[in-house]
Amino acid sequence: MQPIGPTNEQTRRLIISLEKFGKKNKQDVWLAIAEKLQKSRRQKVAVNLGKIDIFAKKHQDKIFVVPGKVLSDGLLTTKAKIAGMQFSKVAKEKISAAKGQSMQLQELMDAKPKASEIMIVC
């Protein structure tokens, strides 16, 4: 029988810790992020900076969570906090150039933001 979900041990640990954190703090947003990370390889989320920029213009006070990879297509014109599983090299450079902040999901969880401060981008 084929394993379902991610086979990377670090990703599995992150999913488990996201689920525990969400249940402990009674915040469904962490459970939703964990659910998105459990998808198969073909259904993984990849979001371009151009899409994040559209949301960042409307919601400047949010932390944008990408439960997958952040790609560099498009421009980031606003200062934004972006958390994701992976970042392309150029995407990190563009985020830094826009005076934004890029962080891993584990770092975001350690910062313990409120659920109202988080927006999941898929």
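Q: Which residue of strand 2 is the bridge partner of Val47, and what makes the two strands a pair?
A: In this predicted model, where local features need pLDDT of at least 70, side-chain atom pairs count only at pLDDT 80 or more and totals for chains, interfaces and linings use all residues, the partner of Val47 in strand 2 is Val70. Two strands pair if DSSP finds at least two bridges between them, and strand 1 (residues 45-48) and strand 2 are joined over four bridges in the parallel sense. The strands themselves are DSSP runs (E, at least two residues), as helices are (H or I, at least four), numbered from the N terminus. Residues are numbered from 1 along each chain as its sequence is written, and side-chain values use heavy atoms, with hydrogens and water left out.

Q: Why is strand 2 described as largely enclosed by the rest of the structure?
A: A residue is buried under 20% relative accessible area, exposed over 50% and partly exposed in between (1.4 Å probe, protein chains only). Seven of the nine residues of strand 2 (residues 63-71) are buried, and the strand is therefore largely enclosed.

Q: Why are helix 1 and helix 2 called roughly antiparallel?
A: Axes are lines fitted to C-alpha atoms, for helices over the stretch in contact, and angles run from 0 to 180 degrees between N-to-C directions. Angles under 35 degrees count as roughly parallel, over 145 as roughly antiparallel, 65 to 115 as roughly perpendicular and the rest as oblique. The axes of helix 1 (residues 9-25) and helix 2 (residues 28-37) cross at roughly 160° and come within 8 Å, so the two helices are roughly antiparallel to each other.

Q: Which residues make the contact between helix 1 and helix 2?
A: With contact meaning heavy atoms within 4.5 Å, helix 1 contributes Leu14, Ile15, Leu18, Glu19, Phe21, Gly22 and Lys23, while helix 2 contributes Trp30, Leu31, Ile33, Ala34 and Leu37.

Q: Why does Ile15 count as buried?
A: Ile15, which lies in helix 1, has a relative accessibility of 5%, so it counts as buried. Not counting residues up to four places away in sequence, Ile15 touches Pro6, Ala34, Leu37 and Gln38.

Q: Why does Ser88 count as buried?
A: Ser88, found in the loop between strand 3 and helix 4 (89-97), has 17% relative accessibility and so counts as buried. Apart from residues up to four places away in sequence, Ser88 touches Lys69, Val70, Leu71 and Ser72.

Q: What makes Lys81 partly exposed?
A: Lys81 lies in strand 3, and because its relative accessible area is 40%, Lys81 is partly exposed.

Q: What is said about the phi of Lys26, and why is Lys26 called exposed?
A: Most residues other than glycine have a negative phi. Lys26, however, has a phi near 55°, a positive value in a residue other than glycine. Lys26 is found in the loop between helix 1 and helix 2, and its relative accessible area is 75%, so Lys26 is exposed.
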